[in-house]
Amino acid sequence: MTNGPGAGIPAVSTAILAMSRHLEVRDVLKTIVASARELLDAEYAALGVPDDHGGFAQFVVDGVSAEQWKAIGPLPRQHGILAAMLHNATPERLADVRKDPRFGGWPEAHPDMSDFLGLPVADGDEILGALFLANKRCPKQDGRCGFTGDDERLLGILAQHAAIALTNARLYERSRELTIAGERARLAHELHDAVSQKLFSLRLTAQAATALVDRDPARAKDELHQVAALAAEAADELRAAVIELRPAALDEDGLVATLRSQVQVLDRAHSARVTFAAHGLRALPAAQEEAVLRVAQEALHNALRHSGAERVEVTLSRNGQGALLRIADDGCGFDPGTVRRAGRHLGLVSMHDRAGGVGGTLTVESEPGKGTAVEMEVPGG
């Protein structure tokens with residue numbers, strides 16, 4: 001595909017429309033990368049969103065299979081050419097990225113790349129990410145870069161609109177989080193008041209009943225005193241559960257404490273025994289911790305609502321530089337193929353996307369009558 005100054009405008013318009021259809025940040029990132037690779041006819045494309053610790057909060061690729069991505073290993077750091085685009089807002093167009101003095105190599109499983117085009121995605125002075133492509137599908141003559149100046153200008157247009165789409169998606173997600181947080185806090189307050197009043201009335205009724213019972217009064221009083229005591233305990237338990245319903249303070253408490261607290265609440269709220277264990281975990285990048293928490297919540301919801309399990313075990317352990325999350329239940333299990341065909345797999349797709357979005361992997365093992373095990377691996381920082 002050869003792009004003249006105006007040849008790619010209809011394609012850019014199509015790409016912009018595709019980006020504007022999505023409100024989730026992850027979906028916007030995937031659409032940007034796929035659109036860029038198709039627009040410039042490149043073999044590979046990627047977009048990295050930096051974190052505050054020298055790594056990437058999210059890193060989305062197109063043209064690399066799931067097996068290749070897993071074999072490549074941890075997410076890249078902000079160094080070399082990536083750092084130049086992120087820190088200096090500098091476009092980069094290279095005939096052979098491997099010959100650039102800033103090139104620091106890549107993992108053994110990484111696909112081989114030569115010509116390279118990269119641009120920052122910026123909103124004013126804020127650099128939101130780095131968008132780059134490699135291996136343009138065209139003849140390379142005299143050692144020249146396959147990507148042209150027209151390609152760079154075309155990608156620049158896409159990057160400007162990508163910044164708008166990404167900013168809008170972030171604002172949407174933040175707005176939704178605030179709405180959910182406000183609604184949960186309101187419900188927690190109303191539930192607390194309503195339940196407390198009902199249980200207080202129950203205690204008063206039970207106490208009054210003890211004074212009215214004539215037959216076997218001693219036993220009746222003992223039983224009704226027990227009712228009052230149980231009601232008081234239930235009020236305490238519900239009050240604690242309502243407090244835990246508030247959004248998890250992951251930044252303040254950390255992944256282990258947050259997940260342990262949520263498991264304890266679920267153990268009290270359900271008939272199934274829900275346990276949690278953590279082994280030697282190291283601190284993870286914030287985006288990875290959030291992804292692990294969300295996958296754990298989704299897997300726990302599935303186990304407790306749909307499996308009929310008597311026991312659900314959650315373990316979080318160190319795995320090299322990263323972590324391994326495992327949620328296993330002894331419930332009814334399912335046939336993953338049947339679930340996919342029936343279209344009831346949105347939870348599984350969401351979990352896979354969350355894992356892939358932070359450079360991790362997710363596996364689900366299940367058979368009818370043999371329970372389910374969900375495992376998520378993340379690479380760490």
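## Nonpolar cores

In the largest nonpolar core, which has 31 residues, the members that touch the most others are Leu259, Val312, Val314, Leu325, Ile327 and Met376. A nonpolar core is here a set of buried Ala, Val, Leu, Ile, Met, Phe, Trp, Tyr and Cys residues joined through side-chain atoms within 4.5 Å. Two or more residues of this core come from each of helix H7 (250-269), strand E6 (273-279), helix H8, strand E7 (311-319), strand E8 (322-329), helix H10 (346-357) and strand E10 (372-378). H8 gives the largest share, nine residues. A second, separate core has 30 residues, including Ala42, Val60, Leu154 and Leu166. In soluble globular proteins, nonpolar side chains tend to be buried together.

Val312 is in contact (heavy atoms within 4.5 Å) with Arg273, Val274, Thr275, Leu300, Ala303, Leu304, Ile327, Ala328 and Asp329, leaving aside neighbours within four places in sequence.

## Basis of the model and overall figures

The model is predicted; local features need pLDDT of at least 70 and side-chain atom pairs count only at pLDDT 80 or more, whereas totals for chains, interfaces and linings use all residues. Residues are numbered from 1 along each chain as its sequence is written, and side-chain values use heavy atoms, with hydrogens and water left out.

The chain has 10 helices and 10 strands, taken as DSSP runs numbered from the N terminus (helices: H or I, at least four residues; strands: E, at least two). Of its 381 residues, 40% are buried; buried means under 20% relative accessible area, exposed over 50%, and partly exposed in between, with a 1.4 Å probe and protein chains only. The chain exposes about 20300 Å², of which carbon and sulfur atoms supply 52%; these areas come from the Shrake-Rupley method with a 1.4 Å probe. Among contacts between residues at least 6 apart in sequence, 64% join residues at least 24 apart.

Helix H8 (residues 286-306) contains 21 residues and reaches 30 Å from its first C-alpha to its last, close to the 30 Å expected at 1.5 Å a residue. That expected span is 1.5 Å times one less than the number of residues. Its buried residues are Gln288, Glu289, Ala291, Val292, Leu293, Val295, Ala296, Ala299, Leu300, Ala303 and Leu304. Just after H8, Gly308 adopts a positive phi of about 70°.

In helix H4 (residues 80-88), the residues Ile81, Leu82, Ala83, Ala84, Met85 and Leu86 are buried. The buried residues of H4 pack against strands E1 (42-50), E2 (56-62), E3 (92-94), E4 (116-123) and E5 (126-136).

Leu154 is located in helix H5 (residues 149-212) and counts as buried at 3% relative accessibility. Leu154 and Ala36 are 118 residues apart in sequence, yet 9.3 Å apart in space, C-alpha to C-alpha.

## Aromatic pairs and cysteines

Five aromatic pairs are counted. Rings of Phe, Tyr and Trp (its six-membered ring) pair if their centres lie within 6.5 Å; planes under 30 degrees apart count as stacked, over 60 as edge-to-face and the rest as tilted. The Phe56 and Phe59 rings are edge-to-face, because their planes stand at 70°, with centres 5.2 Å apart. Phe56 and Phe59 are both buried. Phe103 and Trp106 also form an edge-to-face pair, with 4.8 Å centre to centre and 75° between the planes. Phe103 is partly exposed at 25% relative accessibility, and Trp106 is partly exposed at 26%. One aromatic cluster is formed by Phe56, Phe59, Trp69, Phe116 and Phe132.

The count of disulfides is zero, a disulfide being a pair of cysteine sulfur atoms within 2.5 Å. Cys138 is partly exposed at 25% relative accessibility, and Cys332 is partly exposed with a relative accessible area of 40%.

Most residues other than glycine have a negative phi, and most peptide bonds are trans. Ala89 has a positive phi of about 55° although it is not a glycine. Ala89 lies in the loop between H4 and E3 and is partly exposed at 39% relative accessibility.

Asn135 likewise has a positive phi, near 60°. Asn135 belongs to strand E5 and is buried, with a relative accessible area of 11%.
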